[in-house]
Amino acid sequence: MSKRIPPLLAGLSKIKHVLLPMLLLSVLLAACGKKDDAFEMLDAPAPAGELPRHWLLPAFSFTERSGKTITQSDLRGKIWVADFFYTSCPGPCPMMTSRLGDLQKVTASMPDVALVSISADPGRDTPEVLKEYAAKFHAGDGWFFLTGDKSAIYEFANKGFKLGVSDEGGTVKEPVTHSTKLVLVDKNGYVRGFYDALTAEGSAHLLTDLERLRKESR
């Protein structure tokens with residue numbers, strides 16, 4: 001007599017084929033994720049209609065893919081959106097860069113808005129490497145790809161933006177762990193908001209706040 005599989009076990013067998021790929025994807029994305037201190041330090045909510053003004057970013061000096069040195073003075077007077085990534089990242093970085101690529105299409109007619117992607121693996125991400133990577137995402141002149149001294153970049157990320165970036169505890173395939181947040185910075189260099197780069201909701205929220213900040217700056 002053949003044995004029948006109980007309905008519950010049969011159901012679990014079907015579910016695992018759906019859940020397993022999702023679980024693997026979650027693990028891959030989490031591997032590059034890094035705890036951010038920023039969310040423990042955010043100010044009280046701003047008055048209705050205004051974005052909170054959190055803290056002023058420190059001075060910085062990094063090298064753009066073009067070979068030009070970029071400092072805070074070059075971004076003064078511009079609203080900018082920043083992220084930390086690296087070109088060989090197999091996890092969330094391509095998705096984050098794609099989000100910024102979509103944002104670039106929206107802000108193409110906004111000369112007061114810039115995008116800034118900062119490498120968390122500057123030893124490998126030379127200006128030449130960044131130039132090739134930027135070309136894959138059709139990055140325009142208003143999208144800066146920065147590299148430089150690793151200790152300076154890590155300090156800028158961890159103490160300036162208060163976002164986690166580290167090369168400790170990484171793996172061969174994923175040597176760097178980093179935040180997956182996009183950061184909105186105003187024309188005076190103040191951090192004004194953080195957004196999840198991996199969700200459509202995060203991108204929509206960023207666009208809304210970007211427009212609010214542009215109106216505030218007029």
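About 190 Å³ of space lies in the largest pocket of this structure, which is a predicted model. The lining of that pocket comprises 14 residues, and those closest to its centre are Thr107, Met110, Val113, Gly142 and Trp143. The largest nonpolar core has 54 residues, and the disulfide count is 0.

**Pocket lining**

- Helix H3 (93-107), strand S4 (113-119) and strand S5 (143-147) are the elements that each give two or more residues to the lining of the largest pocket.
- Among these elements, S4 gives the most to the lining, with 3 residues.
- Sorted by class, the lining of the largest pocket holds 8 nonpolar, 4 polar and 2 charged residues.

- In soluble globular proteins, nonpolar side chains tend to be buried together.

**Cysteines**

- Cys89 counts as buried because its relative accessibility is 6%, where buried means under 20%.
- Cys93 has a relative accessibility of 0% and therefore also counts as buried.
- With a disulfide taken as a pair of cysteine sulfur atoms within 2.5 Å, the count for this model comes to 0.

Methods. Residues are numbered from 1 along each chain as its sequence is written. This is a predicted model: local features need pLDDT of at least 70, side-chain atom pairs count only at pLDDT 80 or more; totals for chains, interfaces and linings use all residues. Side-chain values use heavy atoms; hydrogens and water are left out. A nonpolar core is a set of buried Ala, Val, Leu, Ile, Met, Phe, Trp, Tyr and Cys residues joined through side-chain atoms within 4.5 Å. Buried means under 20% relative accessible area, exposed over 50%, partly exposed in between (1.4 Å probe, protein chains only). On a 1 Å grid over the protein atoms alone, a cavity is a set of points where a 1.4 Å probe fits but cannot get out, and a pocket is an open set with protein on both sides within 12 Å along at least five of seven lines; lining residues have an atom within 4 Å of a point. Grid points are joined across faces, edges and corners, and a volume is the space filled by probe spheres set on the points. Helices (H or I, at least four residues) and strands (E, at least two) are DSSP runs, numbered from the N terminus. Ala, Val, Leu, Ile, Met, Phe, Trp, Tyr, Cys and Pro count as nonpolar, Asp, Glu, Lys and Arg as charged, and the others, Gly among them, as polar.
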